[in-house]
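Please read it with the structure open.

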Amino acid sequence: MGDNDLESKIRERLRSLASGTVAPDESADWALEVMESDVPELCDARIWTALDRLSGADLMVGPGQYLHGTDDYAEWLAEFDADGSRWPGK
């Protein structure tokens, strides 16, 4: 999986979460699967942070109540699309 390909997939997951068109657990499962792979892009702090955030998209604070919502996902997307200076490791 090339860097641009993974970045595009992360961006699409974040967009889908922010628009409410994908379930948080689906994105979290996808992110965990990628994090357990051996793609070299995992060494990039920006990529890892985005996957880490996505992997927690389905965290719950109560029955049927997610910790994060569409505003959080939109913020994650904006930070991912920014120059990266606000992401850990940059």
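Contact here means heavy atoms within 4.5 Å. The model is predicted. The points below concern helices H1 (residues 3-19), H3 (residues 45-55) and H4 (residues 70-81).

**Aromatic pair**
- One aromatic pair turns up in a search of the whole structure.
- The pair is edge-to-face, because the planes of the Tyr 73 and Trp 76 rings are at 70°, and planes over 60 degrees apart count as edge-to-face; the ring centres are 5.3 Å apart.
- Tyr 73 and Trp 76 lie three residues apart in helix H4, so about one helical turn separates them.
- Tyr 73 is buried at 3% relative accessibility, and Trp 76 is buried as well, at 8%.

**Packing of H3 and H4**
- The two helices pack with their axes 11 Å apart and at an angle of about 175°.
- H3 and H4 are therefore roughly antiparallel, since angles over 145 degrees are counted that way.
- On the H3 side, Arg 46, Ile 47, Ala 50, Arg 53 and Leu 54 meet Trp 76, Glu 79 and Phe 80 of H4.
- The residues of this contact comprise five nonpolar, three charged and no polar ones.

**Arginines around Phe 80**
- Arg 46 sits over the face of Phe 80, at 3.9 Å from the ring centre.
- Arg 11, in helix H1, has a relative accessible area of 17% and is therefore buried.
- Beyond its neighbours within four places in sequence, Arg 11 is in contact with Arg 46, Leu 77, Phe 80 and Asp 81.

Key:
Residues numbered from 1 in each chain as written. Predicted model: local features only at pLDDT ≥ 70, side-chain atom pairs only at ≥ 80, totals over all residues. Heavy atoms only, no water. Phe/Tyr/Trp six-rings, centres within 6.5 Å; stacked < 30°, edge-to-face > 60°. Helix = DSSP H or I, 4+ residues; strand = E, 2+ residues; numbered from the N terminus. Buried < 20%, exposed > 50% of the residue type's maximum accessible area, 1.4 Å probe, protein only. Lys NZ or Arg CZ within 6 Å of the ring centre and 35° of its normal. Axes fitted to C-alpha atoms, helices over the stretch in contact; angles between N-to-C directions. Parallel < 35°, antiparallel > 145°, perpendicular 65-115°, else oblique. Nonpolar A, V, L, I, M, F, W, Y, C, P; charged D, E, K, R; others polar.
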